[in-house]
Amino acid sequence: MSDFPWLSVLVAVPAVGALLVGLVPRRRGVLAKALGLAVSLLTLGLTIVVALLYRAGEGQFRLTEQYGWVERFGLYWSLGVDGVALALIALTAVVTPVVLVGGWDEAEPTGRSGKGFVFLVLVLEAMTLGAFAATDVLAFYILFEAMLVPMYLLIGSYGGPRRSYAAVKFLLYNLLGGLVMLAAVIGLYVQSATLRPDGGTFLLSELVGLPLSPQAQYWIFAGFMVAFAIKAPLWPFHSWLPDAAGEATPSTAAFLSGVMDKVGTFGMIHLCLPLFPQAARDLAPVIVTLAVVSILYGALVAIGQSDMIRLVAYASISHFGFIVLGIFALTSQGGAGATLYMVNHGLSTVALFLVVGFLVTRRGSRAIADFGGVQRPAPVLAGVLLVVALATLSLPGLATFVSEFLVLVGTFTRYPVAAVFAVLGIVLAAVYMLWMYQRVMTGPVRPTTEGMRDMRGREALALAPLLALLLVLGLYPKPLLDVINEGVAPTLSQVGVADPEPVQPATAEGASG
Amino acid sequence: MSALTTLDVRAVEPVATAGGVYAWTFLLIAFPALGALVLLLGGRRTDRIGHVVGTLASLASFVVAALLFVDMLGRAAEDRAVNQPLFDWLPAAGLQVSVGLLLDPLSMAFVLLITGVGTLIHVYSIGYMQHDPRRRRFFGYLNLFVAAMLLLVLADDYLVLYVGWEGVGLASYLLIGFWQHKNSAAVAAKKAFVVNRVGDMGMTLAVMAMFAVFGTTAFSGVLGGADQVSEGWLTVIGLLLLLAACGKSAQFPLQSWLLDAMEGPTPVSALIHAATMVTAGVYLIVRSGAIYAGAPLAQTAVVVVGTITLVMGAIIGCAKDDIKRVLAGSTMSQIGYMVLAAGLGPAGYAFAIFHLLTHGFFKANLFLGAGSVMHAMDDEVDMRRYGGLRRYLPLTFLTFAAGYLAIIGVPPFAGFWSKDRIIEAAFADNLLVGTCALLGAGITAFYMTRLMLMTWFSERRWKPDVHAHESPLVMTLPLLALGLLSLVGGAAMLWTAGGIVEWLEPVVGEEEHALPFPVWVLTAATLVVIVAGVALAWMRYGREQVARTAPTRVSFATTAARRDLYGDAVNEVALMRPGQRLTGSLVYADSRGLDRAVNGVAALMGGSSGLLRRVQTGFVRSYALSMLGGTVLVVVALLSVRLS
C-alpha cells in the first residue's frame with residue numbers, strides 16, 4: 001500500500017478527468033459540468049487520503065515517488081509532500097469544486113461551451129497539484145509555465161470586453177518571469193555539476209545544501225524570485241492582476257488569485273529558501289521592504305477603486321504582501337503564518353470573488369456606484385458578503401486573523417519597523433472592505449437594485465464550505481497549523497536561522513519572581 | 001520546549017483549576033454565543049421566538065454568573081481566582097496560545113454587570129423593538145455582543161482577549177448600523193469600526209511586543225514577568241495598550257465614533273455605554289496593572305487622556321439638544337473619570353471599577369429612559385421639542401430622576417460614592433488633575449440638569465400630532481430595576497461583604513492615598529460645585545423659557561461644543577483629506593505611470609508596438625527570442641562568475 005503512487009494518481013485524476021470531459025459532446029453541457037464536478041470531488045477525496053497517509057508518515061517529505069525520465073541528464077518525475085505542500089494541495093482540492101459550482105452558468109452569456117470551462121479548470125487543477133507536489137526543479141518549472149496556457153485561455157475566452165488585452169498582459173508578464181526563471185533553472189543545473197560529474201541534477205533532495213558561491217546564489221535566487229514575485233504578485237510587478245481578474249469571469253479570477261498565484265509564494269518557501277540560504281538571508285530586508293510596500297500600496301489603491309472586482313484584486317495584492325512578509329521574516333511564526341495565510345487567503349478571496357461576481361451578474365455592472373441598498377431585497381447575499389468582507393479584513397475569530405497575526409508577530413521579532421508599518425494595513429483593510437459594503441449594500445434601495453434576487457441554492461452551495469472553513473479554522477486552526485509547522489521547521493533550519501529569543505523569557509523563575 | 005515553558009508558568013501561578021461549580025464557567029459565554037448562532041443562522045423560522053431565545057440566553061448566563069458569584073463569596077480571598085483551560089488554539093513553534101478562561105474577582109464584577117444589565121436591556125428591547133420586522137436579528141446581535149464582551153473579560157491570554165475585543169467591535173458595528181437603509185446609520189457604523197481599528201493597531205502591536213519580550217501572550221507569563229522587564233519596554237507596551245483602550249472606550253483622540261453611534265436603536269446605546277464596549281478599555285488598563293506599575297510615563301499618559309476626555313465630554317454634553325447625544329457626551333466624560341482613576345495605579349484601580357459598575361447602572365437607566373421618552377414622542381430626539389413630560393411618563397420620570405441624581409453625584413445615589421472616591425484620588429495625585437475632575441463634576445451637574453429641565457419640566461413644546469404615553473411594562477420594569485440600582489447600588493457595593501475595594505484587592509492591589517486636606521472638605525467642595533452647576537442650569541433653562549429651535553447666534557465656545565470640539569473637523573483635515581489625495585494619486589499613478597512603463601517594456605520585447613493587438617502571432621516569436629536572449633545572458637553571467 002505504501003508503494004502505491006498516491007501523488008501521481010492525485011495529479012492524474014483531474015488530468016484524465018479533463019480528457020473525459022473533452023470527449024463529452026458539445027451539446028451535453030450539463031453532463032460535462034457534472035462529470036467535471038465529480039472528478040474534482042474524487043480529487044478532494046484522494047487529497048483526504050493523502051493527508052491521512054502524510055499524518056501516518058515520517059520525515060520532511062512524505063509519500064515520495066521517483067521515476068527516471070532521462071536519467072543521464074538527471075531528469076526525474078519526482079514527487080513528495082511536506083507540510084507546506086500538503087496545505088496547499090488541500091486548498092486546491094477544496095477550491096476547485098467550489099469554483100466549478102460557483103461558475104456553473106458563467107460560460108452561457110459568452111456563447112461558448114461550459115464544457116471548455118470545466119476542461120480548462122481541471123487541467124489547471126492537475127498542473128497546480130503537480131507543481132505543489134513536485135520535488136524536482138525542472139518539473140516544477142515546466143508546470144509553473146504550462147499552467148499559464150489554460151489560464152490564458154480561460155481569461156481570453158470567457159472574460160469581459162477587454163479580455164484579450166488582459167489575457168495578453170497576463171501572459172506577457174508571467175512569461176517574462178518564467179523566462180528569467182528558466183535561466184535560473186539552467187544556471188542551477190550548470191552549478192549542480194559539482195554534485196554529479198557526468199551532468200547535473202534537478203532533484204530538490206540533492207540540490208539542498210549544494211555549495212554555491214555567493215554571487216551564484218544571488219543571481220540564481222534573483223532569477224527564481226523575479227518569477228515568483230510576478231506570479232504572487234508583489235509590488236511593483238502587480239499590475240497584470242487587476243486587469244486579468246477584472247476581465248476574467250469571477251470564478252476564473254477566484255481560481256487565479258486564490259490558488260494559482262499561490263504557486264509563486266509556494267515557490268519562494270519551497271525553492272528560494274532551502275536552495276539559496278545565504279541569498280535568502282542577505283536579501284530578506286529588500287524583499288521585506290517590497291512586501292510592506294505591497295501591503296500598503298495594494299490597500300490604498302483598493303480604497304480608491306470604483307470597480308468592485310478590481311478592488312478585490314488590489315486587496316489580494318495587499319494580502320500577498322503579508323504572505324511574502326511572513327516568508328522572508330525567516331521566523332517560525334512568520335513562516336507558519338505565511339503558509340496558513342496562503343490557505344486562508346485562498347478561501348477568503350475565492351469567496352469574495354464569487355460573491356462579488358454574483359452581484360455583478362445580477363446588476364450587469366462592476367461599478368460600485370451602480371449599487372446601493374441591496375441588503376433590502378437580498379439580505380442573505382448581504383450577510384454573506386459581510387462575513388467574507390470581515391474575513392478579508394482579518395477579523396479575530398475568523399481564520400484569516402490567525403495567519404495575519406502570526407505573520408505580524410513573526411515579523412516583529414526580527415523587523416519591528418516593518419511590522420509596525422504592516423499593521424497599518426489592518427486599518428486600511430477595514431476602510432476598503434466596509435466602505436465597499438456600505439456603498440453596495442446599505443442606504444435606501446435604488447430603482448436599479450429593487451428587485452434583485454437573493455442568494456440561490458447553487459450559489460449558497462458553492463460558498464457554504466468556504467464560510468464553514470473560515471469559521472472553523474479561525475476557532476481551531478491547530479490541526480492545520482501542526483502540519484504546517486512540520487513543513488516550516490526544516491526549511492528554516494536549512495536557511496540556517498533561529499528565532500530571536502524573547503527579551504525576557506517567561507520562565508518559571510520569571511513568573512514567580 | 002516552549003510548550004513546556006508555558007506550562008511551567010501556568011503551574012507556578014497561584015490559580016486553582018476549575019472544578020465543581022467553576023466547571024460551568026465556559027457556559028457564561030456559551031449561552032449567548034449559542035443564542036446568537038441560532039438566531040443568526042436560523043433564518044425566518046426563528047422570527048417568532050427570536051426575542052424569547054435571545055433574552056433567555058442572556059438570562060441563563062446571568063444565572064450561572066450569580067451561582068459562581070455566590071460560590072466565590074464563600075471562598076477565601078486568595079482562592080478566588082479560577083482558571084478553566086479549554087483548548088490549544090494557536091501552536092506555532094515558540095508561540096503557544098491556548099484558549100482558557102480566568103474567573104477572578106475582577107472578571108466576576110464585569111461578568112455580573114454584563115449579564116445583569118445586559119439581560120435587563122434584552123427584556124426592555126422586547127418592547128422597544130416590537131414593531132421592527134428584523135427584531136430576531138436584533139436579538140441575535142445583542143447576544144453576540146454579550147458573548148464577545150464576556151470572552152473579553154474572561155480570557156486569560158491577551159490574544160484571546162483580542163478575539164472578544166474585536167467581537168465587541170463587530171457587534172457594535174452591526175448594531176449601530178442596524179437600520180442599514182439609513183445612510184447615516186451605515187456611515188456611523190463604518191466609522192465606529194474603522195476608528196476602533198486604529199485602536200486595534202495598538203492592541204496588535206502591544207501583543208506583538210509582549211511576544212517579543214516575554215515569549216508568550218498569556219496573562220500569567222506577561223503580568224507575572226513584568227517586574228523583570230526594562231522600563232522602556234513596559235512603557236511601549238503600556239502606551240500601546242492605552243491606544244487600544246482609547247479606541248474602545250472612546251477616549252481622546254479616538255472619541256469621535258461614540259457621538260455618531262447614536263444612529264443605532266436606543267437599547268444599543270445602553271448596551272454600548274453601560275454594560276459593554278466602552279468599559280473594555282478600562283478593563284484592559286486595570287487588568288494590565290502589572291505593566292503600568294513599571295511604566296510611570298505610560299501611567300501619566302493614561303491620566304492625561306482620562307482628564308482631557310472627562311472635560312471634553314462634559315463640555316460637549318452642554319451644547320447638545322439631542323437627548324442621546326447629551327448622554328453620549330456624558331459617557332465620554334464618565335469613562336474619562338474611570339481612565340483617570342486607572343492611571344493612578346493601585347490607588348485608583350478599585351475606584352475605576354467601582355465607578356464603572358455604578359455608571360453601568362445609571363447610564364443604562366438613563367439611556368433606556370431616553371428610549372422610553374422617544375417611544376412616547378414618535379422617535380423625536382430634540383429636547384427642544386420635549387417639555388413637561390413628567391406628568392405623561394411618571395414611571396420613566398421617576399427612574400430617570402434616580403439616574404440623574406446618581407450621575408451628578410448626589411448622596412446617597414450610586415454615583416456619589418464612586419465619583420467622590422475618584423476625585424479624592426485625583427487630588428491626592430495632582431492638584432491640576434483633581435481640579436479638572438472637580439470641575440467636571442460641576443459641568444456634569446449643569447448639562448444633566450439642563451437635560452432634566454428641558455425634558456421633564458418646562459412647558460410643552462411638542463410637535464403637533466404627538467400623543468405622549470407611558471411605555472409598556474416590559475420596558476418600565478427594567479427601568480425600575482435600574483432605577484433602584486442607581487439609588488442603592490453604590491452604597492451596597494461599598495458597605496456589604498467587605499466592600500468592593502477589598503473584593504478587588506487580590507487582583508488590583510490597594511494603596512492608601514494621602515490628601516493634603518481632610519476628606520470632608522473635598523466632599524463638601526464637590527457638593528458645592530454640583531449645586532452651583534444645578535443652579536446655573538436652573539437659571540438658564542428652569543427660570544427662562546426654552547426656545548423651540550436652537551439659537552443660532554451663540555458664542556464660539558457653544559459652536560465648538562456643538563461640533564464636538566471639532567473632533568471630526570480635525571480628523572478630516574489631518575487624515576481623511578490627505579488620505580483621499582494619497583489614494584487618488586496612487587490610483588492615478590498605478591493606472592498610468594507604472595502600467596505604461598510596463599506595457600512599454602512589453603512592447604519593446606516583442607519588437608513591435610502592434611504586439612498587443614496581434615497577440616497570437618506575436619507572442620511565440622517574442623517568447624522564443626527573449627527566452628534565448630535572456631538565457632544566454634544569464635548563463636554567460638554565471639559562467640563568467642565560475643571562471644573567474
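This is a predicted model: local features need pLDDT of at least 70, side-chain atom pairs count only at pLDDT 80 or more; totals for chains, interfaces and linings use all residues.
**View 1. Salt bridges in the whole structure.** Over all chains, a search of the whole structure gives 18 salt bridges. The views that follow show some of them, including the pair Lys478(A) and Asp482(A) and the pair Asp47(B) and Arg136(B).

**View 2. Lys478(A) and Asp482(A) in helix 20 of chain A.** The two side chains form a salt bridge, with an N to O distance of 3.0 Å. Helix 20 of chain A covers residues 478–495, and because Lys478(A) and Asp482(A) are four residues apart in this helix, about one helical turn separates them. Asp482(A) has a relative accessibility of 22% and therefore counts as partly exposed.

**View 3. Asp47(B) and Arg136(B) in chain B.** A salt bridge joins these residues, and their closest N and O atoms lie 2.6 Å apart. Asp47(B) sits in the loop between helix 2 (25–41) and helix 3 (50–73) of chain B, whereas Arg136(B) belongs to helix 5 (residues 135–154) of chain B, so the pair ties together parts that are 89 residues apart in sequence. The relative accessible area of Asp47(B) is 30%, which means that Asp47(B) is partly exposed. Arg136(B), at 12% relative accessibility, counts as buried, since buried means under 20%.

**View 4. A network of salt bridges in chain B.** Four residues are linked here: Lys191(B), Asp260(B), Asp322(B) and Arg325(B). One of the contacts is the salt bridge between Asp322(B) and Arg325(B), where the closest N and O atoms are 3.8 Å apart. This distance falls within the 4 Å limit for a salt bridge.

Definitions and conventions:
Residues are numbered from 1 along each chain as its sequence is written. Chains are lettered from A and ligands numbered from 1 in the order in which they are written. Side-chain values use heavy atoms; hydrogens and water are left out. Helices (H or I, at least four residues) and strands (E, at least two) are DSSP runs, numbered from the N terminus. Buried means under 20% relative accessible area, exposed over 50%, partly exposed in between (1.4 Å probe, protein chains only).
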